[in-house]
Amino acid sequence: MDKIEQFKRQLEEKEIEPKMDEIGTVIESGDNVVKANGLRDVENFELVEFEGRQIFGLALNLEEYETGIIVLGKGNAIKEGDVVKRTKRTLSVPVGEGLIGRVVDPLGRPLDGKGKIESKISYPVERLAPSVIERAPVDKPLHTGILAIDALIPIGRGQRELILGDRGIGKTAIALDMILNQKEEKNRPVCVYVACGQKKSKLKRLVKALEEKGAMEYTIVVAAFADDPASFLYLAPYTGCAIGEYFRDNKKDAVIVYDDLTKQSWAWREISLVLRRPPGREAYPGDIFYLHSRLLERAAKLSKEKGGGSLTALPIVETQAGDISGYIPTNVISITDGQIFLDSALFYKGQRPSLDIGRSVSRVGSKAQVSGMKKIAGTLKLDLAQFQDLERFSEFTEELDPQTRKMLERGKRMRELLKQEDLAPLSFEKEIAVIFAGTKGYLDDLPLEKIRQFKIDLIEELKAPSLEILDNIRDKELVDSKTEGELEEVIKRVKKSYGA
Amino acid sequence: MKTKTTITTWARVLVLLTKGQSENAKKNIILRLQEQLKRKKKDYLLPKILETAEKYLAQAEKITLVLARETDSATKEMLGQKLIASLGKGKKIESKIDDSIIGGFVARTEDYLIDASVKKYLNQLKRISLEEI
Amino acid sequence: MAKIIQIIGPVVDIEFQGENMPSLGNALEVRKKNLILEIQQFLGGGVVRTLAMGPTEGLKRGDEATDTGKPIMVPVGMGSAGRLLNVLGQPTDEMGPVKADQYRSVFKDAPTFVEEKGDVEILETGLKAVDLLCPLPKGGKIGLFGGAGTGKTVLIQELIRNIAKVHKGISVFAGVGERTREGNDIYLDMKDSGTLANTVLYFGQMDASPGVRFRVPFSALATAEYFRDEEKKDVLLFVDNVFRFVLAGSEVSALLGRIPSQTGYQPTLFSEIGSLQERITSNKNGSITSIQAIYVPADDLTDPAIVAIFSHLDSSLVLSRQIAALGIYPAVDPLESSSSILNPRTVGDRHYRVASEVVRILQRYKELQDIIAILGVEELSDEDKLVVNRARKVQKFLSQPFFVAEPYTGHPGKYVKVEETIEGFEKIISGELDSRREEEFYMKGNIHEVINA
C-alpha cells in the first residue's frame, strides 16, 4: 500500500501539460539524413525529436528554406510528412559520478538494463578545449601495468598517446590491461571506455572481464555498435569525452580510451558524403583532421588555478598492412603526444605485447615517470634500440668480441623480461623490481628460456607478507639503498633455485 | 530532381512576391513569370508552379484541428477562436476526425504543434511510470 | 541591421536589408554570441557569405549581425609584446587588456616589386645541418618540412632558443593549428628564459574552428608588418604550422561553394598561399626573417599544398622519418633540402665548396646502397669505400644535441658557429679523420669534441 501511495504522490508532482511545440515537416529522408522545412528558430547543433517515433535528430545544416538533420537512431521508419519538434537543447549528455559502472549509448541512455542514470548535470557534447593559459605541464605518471610501456614509452596524466597497429594484434588488450591496472593505483583515475563500431559480443566479453576483476567500480562504458547508425559512431567519442571532462574539471584524474577512431572516421565520411560535402583524400571530407583534433585537444592537464585535474586519452587507430603513412594514422600521430606501435610480424613471432620500440615514442617521456623508474629505465630505450641494430648487424658475423657478445646476451634477456601476457598488469613497484633485476645484470647468467618463469617466481617471492620491499618502493616511489640490498637478496635466493 | 527544384523555387518566389498584393498586381506578376519561363522554354511548368504555390499558401494559412469524435458546433467554434488567437490571425480552421487520439485535440500549423490529446497524456504517464520503476 | 539566413558548419550567410552593403573582408559581429564573422563573398540579393571566427553551435536563422565597418583589427606596437593573443587580437593570458598604440587590419597589400630588398646575408642558427646545407638568409624564409613525428616542433623550439634569444629585434610567434600543450610549453619556456618580453604570441590551435586557423597567421603577420614598417625593426616570425592554414582553407572551401581541385584541396590553393607568403618579406624599412614549420600529410612530398609552398621559400629543410628512425636528430635529409643562397657569392667559396662536396658524397653513398646491400662493403672499389667511410661520418656528424631536447636525450645541448661547422665538415671530407670510428661523430657539437675525445 505504501509503495502505491509513493507512486501516486510522485505522479502528482509531475506536470503533464500540453505546450506549443515549434515544428517542421519532413520533406526528404534517406540514409539517416532528413531534410525538413519549418523549424525556423532551431539553433545550430540543436537536438530535435521526431514526433511519435521516439527518435532524436541533430540539426546540422540550417539552410535558407530547409533544415538538414542527421538521425540519431534508425531512420527507416521516418517518412515524408512526419513532424519534427524542437527540444530547445543543444546536444548534451548527463555526466557525473552516477555514470560510474554503467554502460550508455552516445546520448547517455542506459544500455545495461540497470535502471535510470542518476545525474544532476549535463555537459554539451561539443566543447572548447582548455586554452594555453589554463594548462600545466604533464608531470604525473599513468601506469598501464605493461612493463614495456611503463619503462620505455611512459605515459603521463593529461597526455594523448596513440595505440596503432593492424587488426587483431592486441590494441584493445593494451587498453583493457591499462584499465585493470588502475584498481590498485594511488589516486586512481576514473576510466572511460568508448566502444566505437564494435560487435556487441566483443563488448559484452570486455565488460564481463571488467566486472570480474572489479574494474567497473571506476569505469564508464560508452557504446556505439557496428550496426548503429553512423551518427552514433560519430558522436560516441565526443560523448565519452564530455563524461571524462566532468572529472577533469572537478580536480580529479580520468583516462579515456577511444576504440577506435578509424571507425569514427568512416562514419563521418559517410555522413559528410550523404550531406553532399565534397570528398578529399581517400574520399574523407576536408575537416577529417578537425574531427579528431578538437576531440583530442580536450584531453589535458589543468593548471593549479583550474583545479589540477587531468584527462588522459588513449585513442586507437587501425593501420592497413602496417602502413603508418596512411592518411588517418599520420593525422592522428600529428595530434597526439606520441604513439605505441604494434607490429604484426612481432605478434606472429610470439612477442607479446608486440611493441615496435623503434617506431614507438612518448613525447612527454620521462617527465612523467616516478623517479625510481626513471633511474633504472632511463637509457633502456636507447640501449634496446642499439641492441636491435647490433643483433641485425651481427647476424652475418662469425667472430664477436666479448664486449659485443655481452651486449647481445643482455639485450636478449631484457627483451624476454619485457614480454607479458594479457590481463596480467603489474603494479609499478613490481615493474621496478623486475627491471631492476634485468638492468643490474642479475639475469645475465640465467638461461634465456628460464627468464619468464624467473619473473613469475620473483614476484611471488616478493609478495611474501614478511617482506616490505614492494611497500617500500611503492611509498617512496624509488629503490633506496636499504631496499636495494634486500631486493638483491631475494633475487639471489630465487636464482639459487634455478641452480645458478 | 532539377525540375522539381525549379518548380518549388519559383513557387516560393511567387508566394513571396504576391504577398499582400492586389488581385491586379498578382495577375501581372504571374504574367511576367510566364514570359520568363517562355524565354527558357519552360512555360509548360507554369501550371505545376501555380499549383505548388497554391499548396504553400494554403498550408501557411490553415490550422488543422483534429478531434477524436464529432462535437457540437458551439465547442468547435470556441476552440477555433482560441486557436486563431494564439496561432495567428487570418488563418482558417480545417477540422478532421481521428479517433486514434482517444480524446482532447491536436492543433497544427506549418510552424507549430499543440498536442492536447488524451493519447499523448497517456503516453507521458507511461513514460514517467517506467522511469520511476 | 542584418539577419542570419543560413548556417552550415562555420559558414554563415547574412542578408542585408537596404542600401549600405559592407565591404569584402569586413568583420560582422553577432553580439548575443560574442562571435565575429568575416565576409568572404557576395552572393547577390543583399546576401553575404561569411566565415565564423569561433564555434557556431547555438546560432539560429534570424539572429542579428552588425557590421563593424572594418576587417578584423589587431593591436600592434610594443604594448602587445609579452602577450598571448587570439585571432582577434584579444588577450588570453588573463593579464588585462592590451596597451595598444594602434590597431591594424589583418589585410594589407604585399610590398611591390620595387620595394623588395635585393641583397642578402646569412643568419647563423647554430645548427650544423642548417647552416651548412640550407643556410637561412637574413630577412628570408626557411621552411621546415616533415611528416608526423619527425621533429619539426622541437627544431623550431631550438631555433627560437638560438636565434630569438640573441636577436635584438622583436619576435612574433604564430601557433597555427598545432597542439595547445605545445603552446603552453612555449609560453612557459619563454617566460623562464626571458624571451617573452620581446615576443608577441598568437595562438589558433587545433581545437579551434577552421575560420580561426585560417585567419590567425594574418593576425600575427599584421603585427610583424607594423614592427617592420612603422618601427623599422628587424622581426623574427615563427609559424608553426603553415600546412594547417592551408588545411583550414580546404575545410571551408566546399562550404563556400567552390568546386574541389586536386586531392580535394581548394581551387584557390595557390592564391591563398601566395596572399600569405608574399607579405612575409623584407623591404627598405626593415626585415622579416621567417621560420615556418610545414607538416607533410601522409609523408607525401608531392602533395599539392606542399608543392605549392616550396616555391615560396628561400631555404627548405626536409626532415625524414627514415633518418629519424636511425636515431639521427635533427632528421634532416641532406639530398632533399636546399637553399637559394647556397652559392659562392653569398656564402663564400669555402662554404660553398664544402657543402657541395658533402652533398656529392652523400649522393654517391645513396647510389651505392643497393650494391652494399647485396654484395657487402668489401666488394666496392677503394675509392668508393672511402666515400662510404666519409659519408657515414658526415651523416653522424650532421646530428646534434639540442638544448630543448636535453630532458629526453640526456645529452647537453650544443651551439656551433658557422665557421666551426665548415671547418668540421672540411676535415671529414679531406680525409683527415678517416681513422676515427664513425660512432665518435654521433651527437657532437663542433669537430674539436671529436678530435679531442
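Colleague: Where is the place of A:L39 in chain A?

Modeller: Bear in mind that this is a predicted model. A:L39 sits in the loop between β2 (33-38) and β3 (46-50) of chain A.

Colleague: And is A:L39 buried or exposed?

Modeller: Buried: the cut-off is under 20% relative accessible area, and A:L39 counts as buried because its relative accessibility is 1%.

Colleague: Which residues is A:L39 in contact with, leaving aside its neighbours within four places in sequence?

Modeller: From chain A, there are A:E22, A:I23 and A:G24, then A:T67 and A:I69, and also A:V84, A:K85 and A:R86. Chain C comes in too, with C:R61.

Colleague: Switching to chains A and B. How many residues does each give to the contact?

Modeller: Chain A gives 21 residues and chain B gives 20 residues. The area buried between chain A and chain B is about 2,100 Å², and carbon and sulfur atoms give 59% of that.

Colleague: How many salt bridges across that interface?

Modeller: The rule finds two between chain A and chain B. There is a salt bridge between the side chains of B:R12 and A:E66, at 3.8 Å from N to O. As for polar contacts, the count between chain A and chain B is four residue pairs, both residues at pLDDT 80 or more.

Colleague: Which elements of chain A give two or more residues to the side that touches chain B?

Modeller: Those are α1 (2-13), β1 (20-30) and β6 (83-90) of chain A. The largest share is from β1(A), with five residues. By type, the residues on that side of chain A divide into nine charged, eight nonpolar and four polar.

Colleague: What does β1(A) pair with in chain B?

Modeller: With strand β4 (residues 112-117) of chain B, in the antiparallel sense and over three bridges. A:D21, for one, has B:L113 in β4(B) as its bridge partner.

Colleague: On to chain C. In what order do the eight strands of the open sheet come?

Modeller: The order is β8-β14-β13-β15-β16-β12-β17-β18 in chain C, and the pairing is mixed. β8 (84-85) and β18 (338-339) of chain C are the edge strands, each pairing on one side only.

Colleague: Parallel or antiparallel for β15 and β16 of chain C?

Modeller: Parallel, over seven bridges, between β15 (residues 234-240) and β16 (residues 287-295) of chain C. C:V235 stands opposite C:I288 in β16(C).

Definitions and conventions. Residues are numbered from 1 along each chain as its sequence is written. Chains are lettered from A and ligands numbered from 1 in the order in which they are written. This is a predicted model: local features need pLDDT of at least 70, side-chain atom pairs count only at pLDDT 80 or more; totals for chains, interfaces and linings use all residues. Side-chain values use heavy atoms; hydrogens and water are left out. Contact means heavy atoms within 4.5 Å. Buried area is the accessible area (1.4 Å probe) that two parts lose on being put together, summed over both. A salt bridge is a side-chain nitrogen of Lys or Arg within 4 Å of a carboxyl oxygen of Asp or Glu. A polar contact is a pair of N or O atoms within 3.5 Å; within protein, one must be able to donate a hydrogen and the other to accept it, and residues adjacent in sequence count only if both atoms are side-chain atoms. Helices (H or I, at least four residues) and strands (E, at least two) are DSSP runs, numbered from the N terminus. Ala, Val, Leu, Ile, Met, Phe, Trp, Tyr, Cys and Pro count as nonpolar, Asp, Glu, Lys and Arg as charged, and the others, Gly among them, as polar. Two strands pair if DSSP finds at least two bridges between them. Buried means under 20% relative accessible area, exposed over 50%, partly exposed in between (1.4 Å probe, protein chains only).
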